[in-house]
Amino acid sequence: MLSKITVSPGPHISEPHSTRSIMGDVIIALVPAMFAAIIYFRIRAFVLIGVCVGTCVASEWLCNLIRKKPNSLDDLSAVVTGIILAFSVPPALPWWAAVIGSAFAVIIGKMVFGGLGANIFNPAMVGRAFLTASFGMLMTTWTVPVTLDTTMPEIAATGRGAITQATPLAWSKQAIKKKVDTKVVAAQLDASLIGQIGGCLGETSSIALLIGALYLVLKRTINVNIPLAVLGSAFVVAAMCHLINPNAYIPPWLHLTTGGMLIGAFFIATDPVTMPLSTRGMWLFGTGVGALIMLIRIVGEYPEGVMYAILIMNAVTPLIDRFCKLTPAGGVPNA
Amino acid sequence: MAKKDNVRAGQVVGDVDAFVSAPVHSPVSGTVKDIALRSHPVLGRTMAVIIDTDPADATEKSPCAGQFGADFDHSAYSVEQICEAVRQAGIVGMGGAGFPTRVKIEPNPRLPKRTLIINGCECEPFITCDYRIMLEWTYQIIAGVKLACKASGCSRVVIGIEDNKPAAIETMCKALEACRGCEHIEVAPVQTKYPQGGERQLINSLLKRTVPTGGIPPMIGICVLNVATCAAIAEAVVTGAPLTHRVVTVTGEAISKPGNYYVPVGMQVADLIDHAGGLTETAAKVILGGPMMGLAIADLSTPITKTSGAVTVLTKEAIYKAKYEKRQTPCIRCGRCLDVCPENLNPTKIAHAVKNNLLDVAADYYMSACIECGCCSYVCPANIELTGYIKTGKLLVARAKQKVPE
Amino acid sequence: MVLANIVQLWQDAWPAGLTMLALGTGFAVVLLIASIKLKVTVDPKIEQVHQALPGVDCGACGFAGCAAYAKAVSADPELLGKCAPGGAETAGKIAQILNIQISSSGGLVRPIVHCRAHTDDKQFYAEYDGIMTCTAANAQPNVQACNFGCLGYGDCIRVCKFDALHIIDGLATVDYEKCTGCGACAKACPRNLIEMVGFAQENMMTVACRNRENPKTTRQMCRVGCIGCKMCEKQSDIFKIEDNLARLDYERYQPSEQAETAMSKCPTGVIVYRGKSAPTPRKSAQKPVAAKE
């Protein structure tokens, strides 16, 4: 019996979670938004999510095969990348573009750096940035949810007939030049809460995303500092603009519920690999993301800024980590 | 000491003149069988005196808590008397570190002590030995506290007890009310949170003061003693009996009769486990100490030492239920280890620096300030043995400093 | 027409060209001044010495790499001969460059691992389940029954820059063909099992054990442990028993009849040859250690 005992340095017990369980939690948290996407965009949602997840998983498997590394698919990170990428592309994106984007996300965004944990940028956002740069037209064509009867003529866009529609943010961009119509604002807010609105596949329904986010926060899977910082700083910037000129700038709550703000704050900016380690760093990071989103949305040429804001702050993360070096509880020795 | 010598219970069998040291006494009467290398939980193999128990003199020592009551008067003993009795009895810190108590409580003009903290927090989950003695040896502990307070010259005593032990807090408070001259002693409940029993953490929770990194409590005028140590002080000063027995928690899923046992120091772990009903079939790890900082022992003939508060026997399930296929996955930089570190360090950075043999980087992130509590390894989802790497790093630094013997 | 174009081009381009010329001249002047004012004189000899060194940056000399050693040895010829990988040849080259005389160097210094226990020879009480390095495992008392012998987790292998050490069935084994005697392994071994020995012969005899337990315990722990039986001491005076362990005086070692006899009489076969052409050690007469009940 004694030969069966083992020895190792302490601690001898550990908390029952793993990278796999964390990623699993994120997938569970994305399920409500997935439901919303399927309700609003039907078969397109199925195809896109399936294609993105499939390509991400296949790319990671292939990379490991070529690099002769042990299989790392069981940490489920490729699945998360696939789902988030699918959620952040327009529903009308052709399947081949999704394949290219997913492959780029995993291969260039993650595997060339050495796999999970070594990547500098969030892989899904790398994939999306690549798609935006390569297929600008496809990435800005927004399909109207099938459940929506076009009750908002103001925002019905031109160009692609009845099936496309400008996103609320694109409309808000025009509003800067024209004038904010409060009625439209109210309609938009209602629509964006449940998701009856044009936009990226998984970003439309705020309520579905918030349910998932609540699950992650309650399970302590994500650190709540980052979403708070992102939403807080974005709100402050948006509120200031709105106060200065309510006719040109849409109200802050509409900024928070539209576009990629919620999915960005709760699911993408909280990607552990690309966020700072320390609490102070997280606040700095989150504030930066929120402020950059608003900067791009209000001043920049793009209607939507979540992707670039997160990528820029990802790049700054090592700097933040260095800047926010922790001091030991007992103070710096000999100083 | 030589082979075939007769020893009496309480006789000194080992002593050195070094300042930071304490003598060792035989807990039993018998004859010296051998003086040879034996397993030790920390030192590996060390010289030991092996004593064959004399069957004729089988009187077993029993706890002396009955001798102490609310009427104990510490004024009968002088500071020198107390210090000398503590030194003679070979008392060391019984919480785990084993620092000679005499050195701790002796008045030191350079570092005068003002506050005495009595550590009534269990150092680790699973362990209950301090809790039991607080309930059963209450007056003996209070007597020890008074003596230690007098010897160290402290004006204030705080007994920190975790808030998941309301019975101990109540018993202690009642006993203090019954005692005379206890106005300067207070009981303070603290949050139940590992590693609350660490002296740096306890000082912080009780007094909101921090011990400087790399420093020791006397530097800020504080002396920390474990409740078991206090009981031993009282026993040594009043009855003159040396520290030869201690209370050990035998616990874990793989033990048939878990409980707290009063055992002689030097008893083999295997014998103690047998006494506690033996190991069950599922036993996978025998740990001297608790599950977080305890030392897993390979050789069950390793003896119980003065500092062993517990023997924890874990099953394979208890060890691995958490560990995802036992496999280490890459760090995902989630920052959980930073959140839990009681010393506010960056465990992942230090561990990875050590792994890549960058000891200067590790030192730059204050590796030496780590108290090795194991919280970072406990929470790590990637199953990285952060504490293990940090310990290794400290060993490498220590080794780089010493010269290779030619 | 063509001419008109060229003229047009010239008229458009001359301000740009002139600006470039002016800028270029300006920078050239700045660089010229800088190269004169901020000139760092490098002793060409240091560069030559650096070229002569093996360039493996092993650190055996005690300096941070070959460049640092080249600088140091150029300043202080006393440091000559510190380069273990380069050996006498490199020392000769450096002496030539620095134009100094070198004293004749002694025999080669090579590591000897003082353990010969493979996995089958050792007794284990428990399975080690921690970080797979010797330093980490050594902090775990009784990780293998013998607290003196080779752990086989390869800390020495990882520091060897010459691929001259390998773990063969749980025992660090030196490849003397590749070894340069830099001594990194001796510094790395947490149990101080590796000793740098002056090899007067191509093969050195050694007592491949460091176990100081009493004989009975040693027998229980390891099939090839030294039990301090004094058999070797009786045969040859180069052996000496201290603390239940035979030690060989390497300084006085010469191949001899007595030493051979001592080796063949050793009951546990712990006296072995180590070196480039060392014969395979004979099997121990001892039975394999039984698993502890």
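Predicted model: local features only at pLDDT ≥ 70, side-chain atom pairs only at ≥ 80, totals over all residues.
Two residues are said to be in contact here when their C-beta atoms, placed from the backbone, lie within 7 Å.

Residues are numbered from 1 along each chain as its sequence is written, and chains are lettered from A and ligands numbered from 1 in the order in which they are written.

B:Val286 also has a place in the largest nonpolar core, a set of 200 residues where B:Ala148, B:Cys230, B:Ile233 and B:Val286 have the most contacts. A nonpolar core joins buried Ala, Val, Leu, Ile, Met, Phe, Trp, Tyr and Cys residues through C-beta atoms within 7 Å, and buried means that 20 or more other C-beta atoms lie within 10 Å of a residue's own. Helix α7 (residues 227-239) of chain B gives the most to this core, with 10 residues.

Now turn to where chain B meets chain C: 22 residues of chain B are in contact with 19 of chain C. On the chain B side, β4 (30-40), β5 (44-53) and α14 (386-401) each give two or more residues, and α14(B) gives the most, with seven. Helices here are DSSP runs (H or I, at least four residues), strands likewise (E, at least two), numbered from the N terminus.

Terms used:
Buried ≥ 20, exposed ≤ 12 C-beta atoms within 10 Å, placed from the backbone.
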